[in-house]
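Trainee: I would like to learn how to read a structure like this one. Please show it to me first.

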Amino acid sequence: MMKRFTILFVLTLFLISAANAAEKLTGTGNLKFGWKFDRCVEAVGDVPRKRTVEEGLEKKFSYAPARWGRIEWDSSVLNFYKDKLYQIGFYKKTAKSDMTPFEQAKVILSAAYGKAVALKTKDCYMWRSPNGNIAILQYAAEEEAGKITGYATYLYLIDNKQVEKKAKAVEKEMQDIINGN
């Protein structure tokens, strides 16, 4: 009887943990990490404002308006390295303090990836998905000349493996410069 109870208990715990397992962070909506620039631009579709900036092996594509998690964002920026999407950022600005988009995003991210880690910056949290990718959410006052000009919510979805590859490539490049290669 005790053995049967133990087996049933272990199976119940397994099912609960499987049901509560965080999903993998692979991008957002119709954009996936690792996609090439052209495929991402096509997936974004026709929006009123688009802009591309290129610098060496990096490329940024911004567009507005953007939507993530039922939240209307002022804009989104897609970051590419060697023509592969590795980061998606969202931005929402308000004139008065309004944490609604921040709180909505926090609930969505917590439901998908579990409990957040509070970062040292006030109102800044990080989630790590089972595949190692990261989501960072921040709410901050924007200042100019010491005066608050508005408030903003920032959301970054990051392909950690691509960031590590990029960092290693930059490190190698710096070593080559130091060694005179």
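Trainee: Which side chain makes a polar contact with the side chain of Asp123?

Mentor: A polar contact is a pair of N or O atoms within 3.5 Å; within protein, one must be able to donate a hydrogen and the other to accept it, and residues adjacent in sequence count only if both atoms are side-chain atoms. Here the partner of Asp123 is the side chain of Lys122, at 3.3 Å. This is a predicted model, where local features need pLDDT of at least 70 and side-chain atom pairs pLDDT 80 or more, while totals for chains, interfaces and linings use all residues. Residues are numbered from 1 along each chain as its sequence is written, and side-chain values use heavy atoms, without hydrogens and water.

Trainee: Where is Asp123 placed?

Mentor: Helices (H or I, at least four residues) and strands (E, at least two) are DSSP runs, numbered from the N terminus. Asp123 lies in the loop between strand E9 (117-118) and strand E10 (124-128). Leaving aside residues up to four places away in sequence, Asp123 touches Met99, Phe102, Leu137, Gln138 and Tyr139, a contact being heavy atoms within 4.5 Å.

Trainee: Which residues have the most contacts inside the largest nonpolar core?

Mentor: In soluble globular proteins, nonpolar side chains tend to be buried together. A nonpolar core is a set of buried (under 20% relative accessible area, 1.4 Å probe, protein chains only) Ala, Val, Leu, Ile, Met, Phe, Trp, Tyr and Cys residues joined through side-chain atoms within 4.5 Å. In this chain the largest one has 33 residues, and Tyr63, Trp68, Leu78, Phe90 and Leu157 have the most contacts inside it. Helix H3 (residues 100-113) gives the most to this core, with 5 residues.

Technical notes: Buried < 20%, exposed > 50% of the residue type's maximum accessible area, 1.4 Å probe, protein only.
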